[in-house]
Amino acid sequence: MRLRALPLIVALALISITTAACNDSSDAHSGDVVVFAASSLTAAFTEMGTAFNAANPDAHITFNFAGSADLVTQLTEGAPADVFVSADDSNMKKVTAAALNASDPVPIAKNTFAIIVGKGNPKGITSLADLAKSDLVVVLCAETVPCGKGAAKILANAAIAITPKSLEDKVKGVVSKVTAGEADAGIVFVTDVKAAGDTAAGVDIPADVNVISNYPIVVTKEAKHATAAQAFIDFVASAPGQAILAKYGFLAP
Amino acid sequence: MLALAIVAISFFALPLIGLIWRAPWSKAWTYLSDHAALTALRLSLHTSLWATALSVLFGVPLAWLLARTQFPGRSAVRALCTLSMVLPPVVGGVALFFALGRRGLVGQWLYRWFDYQLPFTTAAVVVAQTFVAMPFLVITVEAALRQLDTAPEDAARTLGASRWYGFRRVTLPAIRPALVAGAVLSWARALGEFGATITFAGSYPGTTQTMPLAVYLARETNPEQAIVLSLLMIAISFTVLVTLRDRWFGNRHDTAVLS
């Protein structure tokens with residue numbers, strides 16, 4: 001085989017690289033703003049993006065939703081993001097400690113935890129203490145992710161020891177195992193119970209043992225559209241932005 | 001040709017070199033002797049060997065059925081039995097829920113009659129791994145059976161061997177390289193299985209948290225440990241692939257010439 005195709009491949013590669021470069025150098029007030037957001041914000045921020053685009057037709061928001069810890073890894077490895085929102089302070093601290101932020105962290109919302117149970121609460125779970133019953137299948141988040149850290153702290157606050165059947169790598173893993181009916185209960189964010197709608201039900205956790213998680217936001221150091229990124233953050237903090245977050249069950253910062 | 005082949009080699013070698021380059025060698029032993037890592041490794045070896053054994057036990061008869069018999073809808077059956085190779089593993093895990101979970105098609109009866117729930121058990125890990133791994137054995141063995149001359153097997157039968165005896169003593173030895181290759185491929189796939197396991201079996205240290213799950217979780221808190229654990233998995237798989245290849249196929253030609 002002769003290498004006739006090779007120049008073509010190289011040419012294609014060069015074209016795609018230069019095209020990408022052209023996009024990058026576009027006007028700072030418009031263009032793609034890449035937002036790395038904690039997975040618990042998925043529904044709320046999707047609506048936030050639509051609302052922001054409607055108000056700023058020149059800008060376009062692209063989201064990357066994943067577990068906060070996962071996003072921090074991606075940022076550390078040089079993933080191109082303009083904005084980063086974490087579901088807790090400790091993951092944000094990793095970013096500020098590595099000086100990957102261009103602006104100081106601003107709290108945009110708060111979240112608390114609830115017990116998620118199956119539709120109609122078939123096992124009649126009413127309190128945290130019920131989770132310790134040996135005939136219940138309980139799943140929690142691993143302590144590497146915010147929901148797992150919160151759950152561990154709540155159980156410690158309430159002095160309840162439970163043996164979960166699984167430690168999920170993200171909050172949606174807990175939600176899906178409960179909504180699928182394989183697990184009886186889990187501890188997730190209040191907003192996750194709300195997002196699950198009819199497929200699950202929630203049981204409140206008393207405020208004296210509950211944990212409040214902060215959602216801090218920053219413009220990243222590598223932001224290619226810093227001005228538009230800051231405009232997006234301002235929009236999230238504004239009254240219309242806060243109304244969207246409240247609609248999805250988030251508390252004011 | 002050579003240039004493209006070298007590009008292909010670099011494509012596979014570079015990520016590995018990247019891992020080795022970033023590995024914290026001074027702390028490697030500490031991470032490897034970590035109790036949690038050893039638990040995950042033991043569970044991974046245990047479950048992947050079970051999955052391989054089940055793949056051989058059920059996969060060889062399935063391959064035989066597909067290669068040696070004619071029945072209507074055979075190609076549909078073949079497609080069905082190899083579907084999990086192309087199915088996203090997470091989808092496979094969800095489908096296993098619907099079949100074998102507490103609310104599943106079959107699983108609900110297990111739960112009602114025997115109070116047995118498969119998800120979140122080590123058995124569930126083996127089921128998830130077997131589900132994605134068996135097709136690799138089936139297609140390898142089926143291809144070997146198709147290429148195999150049936151005359152010796154027929155001869156054995158005319159000499160009074162039962163069908164099972166002929167298969168065991170004549171056919172199986174003839175397809176042994178393919179059987180080993182298929183088993184190794186299945187084992188490698190089972191060892192690396194992530195998506196179906198975390199979906200169907202969950203992730204709990206000692207019960208269902210296999211090496212790939214442990215690596216994924218470690219990556220979020222202790223990336224250095226994740227690298228060391230990944231390298232350990234690579235070393236194990238690499239050793240098995242290289243030794244078995246040499247033993248069964250690799251240098252057969254050279255050794256024949258030399259001896």
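Predicted model: local features only at pLDDT ≥ 70, side-chain atom pairs only at ≥ 80, totals over all residues.
Local features need pLDDT of at least 70 and side-chain atom pairs count only at pLDDT 80 or more, while totals for chains, interfaces and linings use all residues. Residues are numbered from 1 along each chain as its sequence is written, with chains lettered from A and ligands numbered from 1 in the order in which they are written.

**View 1. Where chain B touches chain A.** Chain B puts 19 residues into the contact and chain A 21 residues (contact: C-beta atoms, placed from the backbone, within 7 Å). On chain B's side, helix α12 (residues 211-221) gives the most, with 5 residues (helices, H or I, at least four residues, and strands, E, at least two, are DSSP runs numbered from the N terminus).

**View 2. Helices α8 and α9 of chain B pack together.** Their axes sit 9 Å apart at an angle of about 135° (axes are lines fitted to C-alpha atoms, for helices over the stretch in contact; angles run from 0 to 180 degrees between N-to-C directions). Pro152(B), Glu153(B), Ala156(B) and Arg157(B) from α8(B) meet Arg163(B), Gly166(B), Val170(B) and Thr171(B) from α9(B).

**View 3. An open sheet of 5 strands in chain A.** The order is β7-β6-β8-β5-β9, with mixed pairing (two strands pair if DSSP finds at least two bridges between them). β7 (166-168) and β9 (200-204) of chain A are at the edges with a single partner strand each, so one side of each has no neighbour in the sheet. Strands β5 and β8 of chain A pair in the antiparallel sense over 5 bridges, and Ile115(A) has Ile187(A) in β8(A) as its bridge partner. Helix α6 (residues 171-179) of chain A lies across β5, β6, β7, β8 and β9, at about 140° to β8(A).

Conventions:
Contact = placed C-beta atoms within 7 Å.
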